[in-house]
Amino acid sequence: MSVTLGQPIPEFSAQSTVGVIDSKSFKGRYTVLYFYPKDNTSGCTMEGRDFSALYEKFKTLNAEVIGVSRDSIKSHTNFCNKQGFPFALISDSEEELCKAFDVIKLKKLYGREYMGIERSTFVIDPEGRIRGEWRKVKVAGHAQAVLEFLESIQ
C-alpha cells in the first residue's frame, strides 16, 4: 500500500532524535516529511541545511519539518549535532515508513544496482492527509519550493 494525494497517511510509530514520533503527532499542524538516502553525504547535508535555513519560515506557517532515512538514531544524532538541524530525524532502519510512502527504489551508482531511498518529500495537512508530494527530488531549490507550496495552500 502506497500513499496517494488526498489520502490519510498510514498509522506509524518510529524512533527519532527527539523520541518516539507517531502519525497522531502530525495532527493539528502541517508536516513536511522528507526522505533522504544517507546521513553525512553531500546531497543529504545540503538538503538538511536548506530546510534548516528556512525552518523559522516553516514554523510561521504552522509546519514542522521531519527528515527520514534508514540510518541509526546514533548516526542521526551526530548528523543533527554536526549540522545544527533544528528538526527531528526519524530512524527507519526497518524501512516501514519508507515502504508505506513507496520511496525504496532500484538505484544505480558507479554501475552497481541496489535498493535505496529515492529522495522524496511529502506535505501532510493538519488532518493527516497528503497535500503535496515530490519524488526524484533534486536538492537545489527544493526546500524553497516546498515552502512556497505551503504558502499557496494556506
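Me: Which residues does Phe85 touch, not counting residues up to four places away in sequence?

Reply: This is a predicted model, where local features need pLDDT of at least 70 and side-chain atom pairs count only at pLDDT 80 or more, while totals for chains, interfaces and linings use all residues. Residues are numbered from 1 along each chain as its sequence is written, and side-chain values use heavy atoms, with hydrogens and water left out. Taking contact as heavy atoms within 4.5 Å, the residues that Phe85 touches are Thr45, Gly48, Arg49, Ser52, Phe79 and Cys80.

Me: Is Phe85 buried or exposed?

Reply: Phe85 sits in the loop between H3 and S5; helices (H or I, at least four residues) and strands (E, at least two) are DSSP runs, numbered from the N terminus. Buried means under 20% relative accessible area, exposed over 50%, and partly exposed in between (1.4 Å probe, protein chains only). Phe85 has a relative accessible area of 8%, so it counts as buried.

Me: How far is the C-alpha atom of Phe85 from that of Tyr55?

Reply: Along the chain, Phe85 and Tyr55 are 30 residues apart.

Me: How far apart are the end C-alpha atoms of helix H1?

Reply: Helix H1 covers residues 42-53, which makes 12 residues. The expected span is 1.5 Å times one less than the number of residues. That gives 16 Å for H1, and the model agrees, because the end C-alpha atoms are apart by 16 Å.

Me: What covers the buried residues of H1?

Reply: The buried residues in H1 are Gly43, Cys44, Thr45, Glu47, Gly48, Phe51 and Ser52. What covers them includes strand S3 (30-35), helix H2 (55-60), strand S4 (63-69), helix H3 (73-83), strand S8 (120-124) and helix H5 (142-153).

Me: What is the phi of Asn40?

Reply: Asn40 lies in the loop between S3 and H1, and it is partly exposed, with a relative accessible area of 40%. Most residues other than glycine have a negative phi. Asn40 is not a glycine, yet its phi is positive, at about 60°.

Me: And where is Glu95, with its positive phi?

Reply: Phi of Glu95 is near 65°, in a residue other than glycine. Glu95 is buried, because its relative accessible area is 18%. You'll find Glu95 in the loop between strand S5 (88-91) and helix H4 (96-100).

Me: Which side chain makes a polar contact with the side chain of Glu64?

Reply: Glu64 is found in strand S4, and it counts as buried because its relative accessible area is 10%. Beyond its neighbours within four places in sequence, Glu64 is in contact with Arg29, Tyr30, Thr31, Val32, Tyr55, Lys59 and Phe87. A polar contact is a pair of N or O atoms within 3.5 Å; within protein, one must be able to donate a hydrogen and the other to accept it, and residues adjacent in sequence count only if both atoms are side-chain atoms. At 3.0 Å, the side chain making that polar contact with Glu64 belongs to Lys59.
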